[in-house]
2 protein chains.
Amino acid sequence: MDQEFLYNRVAAIISSQINSGLFNEGDRLPSVRALCLEHKISMNTAKRVYLELESQSLIRSKPQSGYFVTTPFPRQLPLPGVSHPSLEVSNEKPNELVTEVYSNIGNTSLTLFSIGIPSGNLLPLAKLRKELAVATRALPGAGTEYEPLAGNRKLRKAIAIRSAAWGGSLKDTDLVTTSGAMNALFFCLMAVGKAGDTLAVESPCYPGIFQLANSLGLKVLELPTHPTTGIVLEALERALPMIDICLLVPNFNTPLGSCMPDENKQLVVSMLADHNIPLIEDDIYGDLHYSNQRPKCCKSFDLTGNVLWCSSVSKTLAPGYRVGWIAPGKYKERVLELKLAHSISSASSTHEAVGNFMKTGQYDRHLRQFRLTLQSNYHNYVRTIANCFPKGTKTSRPQGGIALWVELPKEIDTARLYNLALKQGISIAPGRMFTLQDQFQHCMRLCISLPWDDSIRMKLQQVGAIANAMMYK
Amino acid sequence: MDQEFLYNRVAAIISSQINSGLFNEGDRLPSVRALCLEHKISMNTAKRVYLELESQSLIRSKPQSGYFVTTPFPRQLPLPGVSHPSLEVSNEKPNELVTEVYSNIGNTSLTLFSIGIPSGNLLPLAKLRKELAVATRALPGAGTEYEPLAGNRKLRKAIAIRSAAWGGSLKDTDLVTTSGAMNALFFCLMAVGKAGDTLAVESPCYPGIFQLANSLGLKVLELPTHPTTGIVLEALERALPMIDICLLVPNFNTPLGSCMPDENKQLVVSMLADHNIPLIEDDIYGDLHYSNQRPKCCKSFDLTGNVLWCSSVSKTLAPGYRVGWIAPGKYKERVLELKLAHSISSASSTHEAVGNFMKTGQYDRHLRQFRLTLQSNYHNYVRTIANCFPKGTKTSRPQGGIALWVELPKEIDTARLYNLALKQGISIAPGRMFTLQDQFQHCMRLCISLPWDDSIRMKLQQVGAIANAMMYK
């Protein structure tokens, strides 16, 4: 297992060095021996690293000479522009495509580029299984008992300790656990809002938020969002008089993958506090940074308790465990009241298992590997898209997270592309899912958390081929 | 384990024969040898049965003569009357006592007569632990993956098969799983109602329903309820023009333990269907019948899909597993939409484990023993109350479930009793928790799902002593 880890990690590092332009086409790579020394790995592991990179056509070996970079850095695809939703409040239901696309969950005969959850192949399943067994031995009543209302204390403590990494200084008593992040967002929206209120969100936006808002009778205002720096501050400022609640995914949101600069986060927090508009911060992707630096959270700039910080392990470790949480700031009592009324307790055993997984450092070890894999996947996706998708295709440039936003030429209706791809056993997420308005018809989201291999590459090429064919119809 | 089971079962049978008056004071019980033959048990087990009954002071041995009944059948305590809530719609918040009492969950230093969940000592913990390990091996992704939207298929199939026992004929496709029963009730209320609607409930009523209704902006109408036959049909009929939704717990509800006769169930179902008022049926106690006959559900009389039948294993097997379900009738699509928006999936592994536990017959085996224990507890509680509580005390006569409703003399304020008992390490549930109106001040609910022993008997006697002391102040 550790061997597997090393070999994957080193291959991902070199792949990302090539993709980032540190090595150029034709450059000679370090010798096998040099690689051993540099990364403290065995000769066998080093050879396996180069074999793997060769199989990805990133490098080739010349007998008696060494290993050389074959692939030039892909032509940088242009970024999509800032979104321009119309500044009108909507109480539309989410597009029917959402239900259609989500009905593919669990369909193992499909390649699911559409579903934003990590593939089981990238998760530490054996370790989790063991941790769950440990949890049922450690818990009173073998996990049949309810948790304390605020949730598993070990888990809350581990989350509090980890908050230092994003500039937070949470205590376990600041936290309330939930059954996943959607459950957390639901409690937050119920705690701060009421039917008829207007909720400001990024555009494009995760469709689950539209569904949740709709079910609670909230109106939605989509705001212009920059593909790398997130919500446009001026737009938010102008909209302040219209909105009652703001829900942002500041770090590597889906589908754009944008990450708000610290100064923007700080400005948004103070702007909203000044206007007494609660900020719900959904940070489910924050731990999936490709660089070494974990981005800060809006919550770290919160001086008034106005920010409700939510997260989960559904995008990083175990979607089916239903482990999420909230630091609800000044809304804690109300959130606890709602939790008592709606769920009383989460699943005790999975929450204990994740608490332990964090406490013992296993979570951070897993994240280190998982982030490298996602980064390497991102480069592989972009390279393939650059080679196979229609001319004029643009892609987002996420610095973390599991989503890639692809803007195709205007002629291509991605709702049609979805249907055509589905017939070939491939599911993509059409752009219209991510808005309540008439926009993003030629966009789509691709989830990059499937393990990259020849078969995935070929499926992605197939999507490109369908898109190309659609250009001439 | 099987030995344990046998000995408990036979002791419970004889205890209930004594309590039901089949044996009278001074009657001679069957010899140890006769007991062996009658129950197909070993001499050792038979002796243990009589030792246990002796330790409960139900019988005593006379050397060379055998075993004799010591305890006369307790004087039958009078039944509380039919409740008479004022017929006014309320949008009050639930009494603060609710939060206070529920904050005791998980406090192991207290004797929790107040919390209506089964004690871990009465649950098959080792078997559940094993089943959870099996589940994480059997599930794709070791339980880290989301379930299909409708929920674990094995679980839905097992619930469908078991529906024959209550007159149902469900298919797995009629069911949607949820994270416990409160989550099920939430989806039902959201599916059929909207803020401002009026919800009719029994009185007294489980406080969680008030909390849920309040959080959704529903108004509540409490209706007169008979302690053994449940909601008063004439009262419901008169209220029909005022109500939009009806939520009943027809089988062994908490706190009264009433069970609607079949003809009442049938009438309610047709009455509500005629007026197009959805009926949410909460059947979480239906499997806990003391007699051999599982009561029918309203759902079994549902011809129009107007009944949303909900249940869970939180009162029978594993509260902390968060396993519940709905057969939403004609509201199925709406419920699925809500589940997608609010939770996507339940905890995969605990749902798989419970599905297997049902499928393999372990659930029914556990229920058989658990029901006997509850019945025997019921008799033990009533006997102790008859002996130690103030004159004039009345108790409900549940034929199933885990709650006993106790009506004390009018002088006794159970909110005060709660505080006094808490100082002695005992938590009871004051009557005011179970209404939004000014009633039940002298009532309380006792949960009978703690394992009966001398310590529990003494704690119950202590409650009686506090009540007696309050009479003279």
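At the start of H6(B), which residue has a side-chain oxygen that reaches to within 2.9 Å of the backbone nitrogen of Lys154(B)?

Guide: That's Asn152(B): one of its side-chain oxygens comes to within 2.9 Å of the Lys154(B) backbone nitrogen at the start of H6(B). Before going on, keep in mind that this is a predicted model, where local features need pLDDT of at least 70 and side-chain atom pairs count only at pLDDT 80 or more, while totals for chains, interfaces and linings use all residues. Residues are numbered from 1 along each chain as written, chains are lettered from A and ligands numbered from 1 in the order written, and side-chain values use heavy atoms, leaving out hydrogens and water.

The buried residues of H6(B) are Leu155(B), Arg156(B), Ala158(B), Ile159(B), Ala160(B) and Arg162(B). Buried means under 20% relative accessible area, exposed means over 50%, and partly exposed is in between (1.4 Å probe, protein chains only). The cover over those buried residues includes strands S4 (176-178), S11 (307-312) and S12 (324-327), along with H12 and H13 of chain B.

Now go to Arg162(B), which has a salt bridge to Asp364(B) at 2.6 Å, N to O. (A salt bridge is a side-chain nitrogen of Lys or Arg within 4 Å of a carboxyl oxygen of Asp or Glu.) This pair links distant parts of the chain, since Arg162(B) sits in helix H6 (residues 153-162) and Asp364(B) in helix H13 (residues 362-388) of chain B, 202 residues apart. Arg162(B) is buried at 19% relative accessible area, whereas Asp364(B) is partly exposed at 32%. Over in chain A, salt bridges with shared partners tie Arg162(A), Asp283(A), Asp287(A), Arg294(A) and Asp364(A) into one network.

While you're on H13, look at the chain A copy, where Asn377(A) lies in H13 (residues 362-388). Asn377(A) is buried, with 2% relative accessibility. Contact means heavy atoms within 4.5 Å; leaving aside neighbours within four places in sequence, Asn377(A) touches Ile448(A), Ser449(A), Leu450(A) and Trp452(A).

Zoom out to the largest nonpolar core, which has 236 residues. Such a core is a set of buried Ala, Val, Leu, Ile, Met, Phe, Trp, Tyr and Cys residues joined through side-chain atoms within 4.5 Å. Phe113, Ile280 and Tyr381 of both chain A and chain B are the residues with the most contacts inside it. Setting aside sequence neighbours within four places, the contacts of Phe113(A) include Tyr381(A), Ile426(A), Leu446(A), Leu450(A) and Val463(A). Ile280(A) turns up again beside Leu189(A), whose other contacts beyond four places in sequence include Leu199(A), Leu212(A) and Ile245(A). Leu189(A) belongs to helix H7 (residues 181-192) of chain A and is buried at 2% relative accessibility.

Last stop is where the chains meet: 50 residues of chain B are in contact with 50 of chain A. The buried area, meaning accessible area (1.4 Å probe) that two parts lose on being put together, summed over both, is about 4,000 Å² here, with carbon and sulfur atoms giving 64%. Thr144(B), Tyr146(B) and His342(B) lose the most area in chain B, together 17% of what that side buries.

Two salt bridges cross this interface. Glu337(A) pairs with Lys93(B) at 3.0 Å between the closest N and O atoms. Within chain A, Glu337(A) also has a salt bridge to Arg334(A), 3.0 Å from N to O. Those two are about one helical turn apart, because they are three residues apart in helix H11 (residues 332-342) of chain A. Both are partly exposed, Glu337(A) at 30% and Arg334(A) at 26% relative accessibility.

Key. Helices (H or I, at least four residues) and strands (E, at least two) are DSSP runs, numbered from the N terminus. A polar contact is a pair of N or O atoms within 3.5 Å; within protein, one must be able to donate a hydrogen and the other to accept it, and residues adjacent in sequence count only if both atoms are side-chain atoms.
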